[in-house]
Amino acid sequence: METSSLTVIAVLTVFFAVFPFEYNGNVIEPVSFFYGFGHEALVTVCALMIIGHSLVRTGALEPIGRSLAKLWKISPQISLLFTLIIAGTLSAFVNNTPIVVLLLPILISVAIRTKADPSGMLMPMGFATLVGGMVTTIGTSTNLLVVSVAFDMGLKRFGLFDFAIPALVAASAAVLYLWLVAPRILPKREASMPDTSPRLFSAYLSVNDTCLAAGKTIAEVIKLTDGQLQIQSIQRGSDNHKLMPLPDTLIRPGDRLQVRDYPDRLKEFERVLKATLYSGKHKLDADHPLEPGSQVLAEIVVILGSGLIGRTLKSVSFAHEYGLSVIALHRDGKAMEIGRKSIGNVTLNIGDILLVQGDVEQIEKLKTKQGILVVDGAAKIVHTRKAPLALGILCAVVTLPVLDILPIVVSSIVGVLLLLMTRCLNWKEVSAALSTQVILIVAASLALGTAMMETGGAQYLAELFVAMSSSLPTGGVLAALMLLLAILTNVVSNNAAAVIGTPIAISVAQQLGAPAEPFVLAVLFGANLSYATPMAYKTNLLVMNAGGYHFSDFMKVGIPLSILMWIILSFTLNYMYL
């Protein structure tokens with residue numbers, strides 16, 4: 001997505017630099033396509049991402065998570081309803097990613113304790129955050145973009161709650177659907193990585209006189225195993241003195257090579273090198289099998305702010321940094337077909353799940369690390385003394401625009417400054433909260449929107465759309481526009497769909513002689529109906545991987561939800577505005 005977005009900007013600027021274009025007497029300047037990087041919508045999106053990250057970092061949402069966990073013990077059915085309502089309410093003011101990150105471990109923990117099926121909990125919760133994000137102008141980056149582009153085109157700026165009524169009407173129906181219907185039509189799915197996954201074992205290869213490794217260097221021995229052997233240390237002499245396994249270290253008869261791998265690979269090394277495999281002090285046999293010892297398995301999800309997105313495990317020295325071995329990688333709901341040696345070279349994406357193995361102590365430490373989501377049902381929520389301060393700053397950021405004291409772009413920037421001054425966050429955490437993907441998608445979407453408006457493309461498409469829907473009344477055209485955006489947002493970026501759709505919506509309204517506001521809201525709501533595919537929104541991928549869902553599960557639940565929301569929002573907008 002980042003590369004595609006940058007390509008869009010590069011192509012637009014080069015094209016209009018080589019082929020100057022004039023429309024309505026105005027020459028389109030190539031540099032105008034860079035203005036998206038300084039647009040108030042992007043500034044606000046970035047500031048709100050940072051503020052949302054501060055709530056996770058300081059544990060400001062911890063009391064909510066603790067209360068929900070207690071409530072699940074009393075009544076699971078009522079608890080699911082409360083979870084959906086709370087998830088939607090929080091997402092109206094905070095980016096939904098930290099909300100999903102907060103609730104995923106809680107729901108998985110509940111499923112493990114009660115031996116319930118997590119499939120009926122996770123997807124409804126994820127969709128509830130998307131539904132709640134439609135209620136306010138800051139609920140999603142899509143809302144901010146639509147509102148800002150509409151304001152740039154001369155419309156009155158929407159207030160924080162100006163379209164809350166139609167959104168709440170649709171959200172109420174959506175929550176009931178997610179509570180009563182969705183869990184019943186979702187098939188039961190197994191956990192993406194059960195505890196029966198293969199483990200790594202430590203063992204020793206004893207080198208005798210007939211062993212092929214005797215008299216060879218470490219590099220030569222590794223070559224004999226086609227580069228698969230990983231030697232952790234060499235034990236030499238009667239006192240078992242440990243040597244570092246440097247490439248040019250010469251192996252002598254009597255040495256013991258400490259290795260760590262899957263059982264079948266360890267046996268293969270024994271055969272290839274003609275060595276003797278030991279488990280501790282005993283030769284490997286039926287009475288002395290391989291034992292993982294204190295080694296345990298855990299699943300961690302790559303989330304926004306983890307510092308792993310777009311990088312490889314090798315480049316971040318994951319094994320050295322955390323003292324853990326990664327033995328499997330799941331993406332898009334299924335295991336990737338890769339060998340252990342190549343896992344470290346795979347570029348990680350948001351939503352990837354890593355199956356790691358290590359000591360219990362290391363797993364516990366991992367739970368306290370910033371940006372790491374441990375999905376094992378026992379994740380502890382971090383709570384600090386800064387939590388009330390971070391929550392207070394968020395309330396101030398939201399309240400000032402409501403009271404018409406400061407615009408949201410100003411209050412959010414001031415909020416970030418206060419978070420830094422009060423040390424709720426530091427600059428490293430601020431940079432971790434920002435998503436390069438989101439920044440480039442927003443900038444590219446704004447560049448595309450500028451090109452559509454400045455070249456007359458938006459007006460042309462609006463005329464085409466009106467001509468195709470000429471047999472429909474004004475309310476029918478509005479509903480058709482929302483449906484078009486709902487389909488588009490599940491295939492391409494919802495931000496791109498929103499920015500391109502907004503000028504078209506305004507042009508359609510002008511040609512019909514209708515007020516522009518309901519058509520702009522049709523674009524805003526349509527671009528938020530990201531339920532039918534897992535790639536439609538980044539939290540869908542988080543939920544998909546953690547719950548082990550299939551692509552078809554999103555279609556089964558998401559398409560009826562999209563149709564339900566489309567019908568209710570179309571009637572509500574017609575009733576209120578037309």
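A: In this predicted model, Thr13 has a relative accessible area of 11%, so Thr13 counts as buried, the limit being under 20%. Thr13 belongs to helix α1, which covers residues 2-18. The side chain of Thr13 comes to 3.0 Å from the backbone oxygen of Ile9. When residues up to four places away in sequence are left aside, Thr13 touches Pro30, Phe33 and Phe34.

One of these neighbours, Phe33, leads on to a group of rings. Phe33 forms one aromatic cluster together with Phe15, Phe16, Phe19 and Phe21. In the structure there are ten aromatic pairs. Among them is the pair of Phe15 and Phe16, with 5.4 Å from centre to centre and 80° between the planes. This pair is edge-to-face because its angle is over 60 degrees. Phe16 is buried, at a relative accessible area of 7%, whereas Phe15 is partly exposed, at 44% relative accessibility. Phe15 also pairs with Phe19: the ring centres are 5.2 Å apart and the planes stand at 45°, so this pair is tilted.

Thr83 is placed in helix α4, residues 76-91. Its relative accessibility is 1%, and Thr83 is therefore buried by the limit of under 20%. The side chain of Thr83 reaches the backbone oxygen of Ser79 at a distance of 2.7 Å. Not counting residues up to four places away in sequence, Thr83 is in contact with Leu68, Trp72, Leu103, Leu107 and Met125.

Aromatic rings also occur with charged residues. Over the ring of Phe151 sits the charged end of Arg157, 4.0 Å from the ring centre. Arg256 lies over the face of Tyr204, and here the distance from the ring centre is 4.5 Å.

Finally, the cysteines may be considered. A disulfide requires two cysteine sulfur atoms within 2.5 Å, and by this rule the count is zero. Cys46 is buried, with a relative accessible area of 13%, and Cys424 is buried, with a value of 4%.

Methods. Residues numbered from 1 in each chain as written. Predicted model: local features only at pLDDT ≥ 70, side-chain atom pairs only at ≥ 80, totals over all residues. Heavy atoms only, no water. Buried < 20%, exposed > 50% of the residue type's maximum accessible area, 1.4 Å probe, protein only. Helix = DSSP H or I, 4+ residues; strand = E, 2+ residues; numbered from the N terminus. Polar contact = N/O pair within 3.5 Å; in protein donor to acceptor, adjacent residues only side chain to side chain. Contact = heavy atoms within 4.5 Å. Phe/Tyr/Trp six-rings, centres within 6.5 Å; stacked < 30°, edge-to-face > 60°. Lys NZ or Arg CZ within 6 Å of the ring centre and 35° of its normal.
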